[in-house]
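Welcome! Please take a moment to look over the chain below, and then we will walk through it together.

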Amino acid sequence: MTRRVLIRATGVARPGQLAGLGKALATSGARLLDINQSVTFGIVSLEALVGLPRESDLEGALAATGDSLGLDIQAIQVSAEDYQRWSVQASQPRLILTLLAPHLPAGILAEVGALTAEHGLTVELIHRLSGREPLDGGMPDHGSCVECWLRGDEVDLDALRKKALALGAMHGVDIALQEDSIWRRHRRLVCFDMDSTLIQTEVIDELARRHGVGEEVAEVTERAMRGELDFQQSFRERMAKLKGLDESVLAEIAESLPLMDGLERLMRHLKRLGYRTAILSGGFTYFARHLQERLGFDEIHANELLIEDGKVTGEVREPILDADRKAELLHEIAEREGLAMEQTIAVGDGANDLKMLAAAGLGIAFRAKPLVQAQARQSISTLGLDAVLYLIGYRQGDLEEQES
């Protein structure tokens, strides 16, 4: 017969502690069943679950070991019932809850704790992905991000996301929920909408403003983004108002496109980490090509403006790239690259992006309208575009080490 014991050791971290503790366990004939260790602000916390022969005097060996290593060590007997409960819990699905904001208010922990408890979820691990906050109280580089690992029985994920979205809006915090899987750190393709996602403007509105029809086109654009108008119909209506615009205006706008916060950092890391990147836009290839040349996107898919004698004709080459075509392209690129759909990421802000976001393994609504936020599985509103790296699971420190 064997017994199971949970070893819990804490103290000031120093070299040799794991070796000393491991030697005491080996001398007592222990079998290692599980182990976890972390160091926070120089304090080590180690927990090990071991199986022991009934006659083993582990407790005596640990007392002497703790004194020599500067550790407070406890040995806690684990009943068969507790071990079975732990085994069942460890086999339950894991959720990843990510908190993102310029600063994370302490009160959000209580709110998140209450929300997860309401849905029968246990917080298994909490760790920080963002870098250290400056001592002067200033804003941390690239915002604050904490990741929580949750376990529990099957939950109503849609209901949980809805409550998390409302809770986050109250506190100015993005709360993202993902089902953990082997694919989470093995995404390989990222597809982006362009207007109001990669750039801080709607190009068609800027073209219209320069052509003197800005208010008319902006009103149609806004209704389309809210999902109140069919995209193809509204697109043709807006294009018709641009008839006669001089081609030189396109070049001027392309040279001054305002990039979205965090875009350059995001692209730098995605390219270095081996991701394939694509623009899938209901906007125009003229401007997508400019971004491709500037930032290195692997491919672009958008609408082709028709120009004759140096003037915009008010028409585009068919077929128009709409919501259905964006989702189709996502599938086509993934298949061509030999990727599972779980390995894809899509980022967009409008109703025209919803089908693409739903098709991707990780669909992210970025600074989106409320309708899009409510329907998308994930959303980012408080940080820049490089916060996508947090949702993939990258630590800021790891990324910075790779750059040095």
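## Ile7 and its surroundings

Leaving aside neighbours within four places in sequence, Ile7 is in contact (heavy atoms within 4.5 Å) with Leu21, Leu25, Leu46, Glu47, Ala48, Val50, Leu58, Leu62, Ile73, Gln74 and Ala75. Ile7 sits in strand 1; helices here are DSSP runs of H or I with at least four residues, strands are E runs of at least two, and both are numbered from the N terminus. Is Ile7 buried or exposed? Its relative accessibility is 0%, so Ile7 counts as buried. That label means under 20% relative accessible area, while exposed means over 50% and partly exposed lies in between (1.4 Å probe, protein chains only).

For a sense of distance, take Ile7 and Ala159: they are 152 residues apart in sequence and 38 Å apart in space, C-alpha to C-alpha.

## About the model

This is a predicted model, in which local features need pLDDT of at least 70, side-chain atom pairs count only at pLDDT 80 or more, and totals for chains, interfaces and linings use all residues. Residues are numbered from 1 along each chain as its sequence is written, and side-chain values use heavy atoms, with hydrogens and water left out.

## The whole chain

The chain has 16 helices and 16 strands, and 47% of its 404 residues count as buried. Along the principal axes, its C-alpha atoms fill a box of roughly 95 × 40 × 40 Å. Among contacts with a separation of 6 or more, 70% are between residues 24 or more positions apart.

## Helix 2

Helix 2 covers twelve residues, 58-69, and at 1.5 Å a residue it should span 16 Å, which agrees with the 16 Å between its end C-alpha atoms. The expected span is 1.5 Å times one less than the number of residues. Just after helix 2 comes Gly70, with a positive phi of about 70°.

## Strand 15 and its partners

In strand 15 (residues 362-366), five of the five residues are buried. Leu362, Ile364 and Phe366 are on one side, with Gly363 and Ala365 on the other. Strand 15 pairs in the parallel sense with strand 14 (residues 344-348) over four bridges; pairing requires that DSSP finds at least two bridges between two strands. From strand 14 the chain crosses through helix 13 (residues 354-359) to strand 15 in a right-handed β-α-β crossover. Right-handed here describes a path from the first strand over the helix to the second that runs clockwise, with the strands pointing away from the viewer.

Strand 16 (residues 378-380) runs parallel to strand 15 and is joined to it by three bridges, with Phe366 standing opposite Ile380.

## Backbone details

Arg367 lies in the loop between strand 15 and helix 14 and has a positive phi of about 45°, although it is not a glycine. Elsewhere, the peptide bond from Glu318 to Pro319 is cis, with omega near -5°.
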